[in-house]
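Take a look at the model below. Then read on for a short tour, from the whole chain down to pairs of side chains.

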Amino acid sequence: GNDAPQKDQVMINVFEIVYEMFKRGFTFQNVDIYRSHPDKFLIEDNSLIPPLNAVNGVADAAAKSIAEAAKKGEFMSKEDFKIRTGSTKTVMEALENIGCFKGMGETNQISFF
């Protein structure tokens with residue numbers, strides 16, 4: 001109700017929208033550092049791809065930087081991602097926590113041993 005903190009009131013709106021989308025037959029994909037738009041949901045078939053700035057800790061400027069860097073090709077490692085996007089530790093951790101770097105190495109160095 002009205003006594004709920006502002007953050008909770010905002011989340012109620014988000015949950016209502018998500019519920020509406022599910023009722024209309026839509027599903028949600030994960031945020032993707034290559035496919036997600038910086039600030040708009042994308043529709044692919046009956047599925048929604050959340051924007052980069054939907055990730056808690058990823059501001060609009062960081063989301064735009066990530067999208068621009070991704071247009072120039074795949075990231076070789078988390079180190080490459082950080083350098084090319086100028087991402088902060090907070091942004092890196094936020095994306096790591098939701099699995100955006102799954103299968104990506106830490107550095108550009110290759111170990112032969």
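A residue counts as buried under 20% relative accessible area, as exposed over 50%, and as partly exposed in between, using a 1.4 Å probe and protein chains only. This is a predicted model, in which local features need pLDDT of at least 70 and side-chain atom pairs count only at pLDDT 80 or more, while totals for chains, interfaces and linings use all residues. Residues are numbered from 1 along each chain as its sequence is written, and side-chain values use heavy atoms, with hydrogens and water left out.

**The whole chain**

The protein chain has 113 residues, and 30% of them count as buried. It holds 4 helices and 3 strands. Helices (H or I, at least four residues) and strands (E, at least two) are DSSP runs, numbered from the N terminus. Along the sequence the order is α-β-β-β-α-α-α. The C-alpha atoms fill a box of roughly 55 × 35 × 25 Å along the principal axes.

How many of the contacts between residues at least 6 apart in sequence join residues at least 24 apart? The share is 37%. A contact here means heavy atoms within 4.5 Å.

**The surface**

The protein chain exposes about 8100 Å², with 54% supplied by carbon and sulfur atoms. Such areas come from the Shrake-Rupley method with a 1.4 Å probe; for residues, only the protein chains shown count as cover.

Val10, Met11, Val14 and Phe15 form a nonpolar surface patch. Together they have about 340 Å² of accessible area. Patch members have over 30% relative accessible area and no salt bridge; nonpolar side chains (Val, Leu, Ile, Met, Phe, Trp, Tyr) are joined within 5 Å, and like charges within 9 Å. Val10 belongs to helix α1, residues 6-23. Val10 is partly exposed, at 40% relative accessible area.

Gly86 sits in the loop between α3 (78-85) and α4 (89-97). Gly86 is exposed, with a relative accessible area of 57%. From Gly86 to Ile98 is 12 residues in sequence and 19 Å in space, C-alpha to C-alpha.

**Charges and salt bridges**

The chain carries 13 positive and 16 negative side chains. Lys and Arg count as positive, Asp and Glu as negative; His and the chain ends are left out. The centres of the two sets lie 3 Å apart, with each charge placed at NZ of Lys, CZ of Arg, CG of Asp or CD of Glu.

Side chains of opposite charge can pair when their charged atoms come close. A salt bridge is a side-chain nitrogen of Lys or Arg within 4 Å of a carboxyl oxygen of Asp or Glu. The structure holds 8 salt bridges. The table shows some of them.

| Pair | Closest N to O distance |
|---|---|
| Glu106 and Lys78 | 2.6 Å |
| Arg84 and Asp80 | 3.1 Å |

Is Lys78 buried or exposed? Lys78 is buried, at 9% relative accessible area. Glu106 is exposed, at 52%. Glu96, in contrast, is partly exposed, at 37%.

Arg84 and Asp80 both lie in helix α3, 4 residues apart, about one turn of the helix. Asp80 counts as buried at 10% relative accessibility, whereas Arg84 is partly exposed at 30%.

Finally, salt bridges link Asp32, Arg35 and Glu44 in a network.
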